[in-house]
Amino acid sequence: MPHSQTSAPRDSLFGVRLARGASPWLLPTVATAALSLTRARKSGRWAAAAVPTTALAAGMLWFFRDPEREIAQGRVISPADGVVQSIMPWKDGRTRVAIFMSPLNVHVNRAPLAGTVTSVEHIPGGFVPAFNKESENNERVVWHFDTELGDIEMVQIAGAVARRIVPYVPAGTKVEQGERIGLIRFGSRVDIYLPEGVEVAVEVGQATTAGVTRIDRD
């Protein structure tokens, strides 16, 4: 049976579960919106400001949401919400599945398998849109997991707007499948490399849900 991944994020607002690391972005926008709404009745200038500030605060709440998930069964599950952008065989026999995350997706990433995080490497780079081929050279964080399938590589790639990747766990951490492991702010991409001999179960253009969509096939 599927199991529920219940480790709670550190932040919440108005009853909405929020991603860890959201507070520095949310608190100023929510505070500004609240101030604008409070003063809107007495000032036309504040009333005009209340509309965009409230919309921005609502957008931030939506972007940083972090809902609970019923974690699916399967050897490899999607680390990200988004759409499969490409499926590419690699020279070493692995298959890379690239998942594009738009600003409308949940941006908390989850462990594709249970295992031990063996490395978390930050690599500086550019900020080309994540759907662009040249995004291969973008700012990114490369993860390696020691799992029952051997070494599994996952890469979080920043996009044109995403300027910060926030890993939640360090190397040496044991993680459960579907556990929250990091956040990419404001649109991006996540790549996962399936070992040689593991058949891909998803197709290009298919929507994925982190912790729910199975990536491999028996």
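Trainee: Why is Thr95 called buried?

Mentor: Buried means under 20% relative accessible area, with exposed over 50% and partly exposed in between (1.4 Å probe, protein chains only). Thr95 has 16% relative accessibility, so Thr95 counts as buried. Keep in mind that this is a predicted model, where local features need pLDDT of at least 70, side-chain atom pairs count only at pLDDT 80 or more, and totals for chains, interfaces and linings use all residues. Residues are numbered from 1 along each chain as its sequence is written, and side-chain values use heavy atoms, with hydrogens and water left out.

Trainee: What does Thr95 touch, not counting residues up to four places away in sequence?

Mentor: Contact means heavy atoms within 4.5 Å. On that basis Thr95 touches Ile87, Met88, Pro89, Ile192, Tyr193, Leu194 and Val200. Thr95 itself lies in strand β6, residues 95–101; strands (E, at least two residues) and helices (H or I, at least four) are DSSP runs, numbered from the N terminus.

Trainee: What makes a group of residues a nonpolar core?

Mentor: The members are buried Ala, Val, Leu, Ile, Met, Phe, Trp, Tyr and Cys residues, joined through side-chain atoms within 4.5 Å. The largest one here has 34 residues, and Val97, Trp143, Phe145, Val169, Val175, Ile181 and Leu194 touch the most other members. Among the elements giving two or more residues to this core are β6, β9 (140–147) and β14 (188–194). Leaving aside neighbours within four places in sequence, the contacts of Phe145 include Val175 and Ile181.

Trainee: Where does pLDDT stay under 50?

Mentor: pLDDT is the predictor's confidence in each residue, from 0 to 100. The protein averages 81, and 67% of the residues score at least 70. Over residues 4–10, though, pLDDT stays under 50, and the model has 20 contacts there beyond four places in sequence. Where pLDDT is low, the predicted coordinates should not be read in detail.
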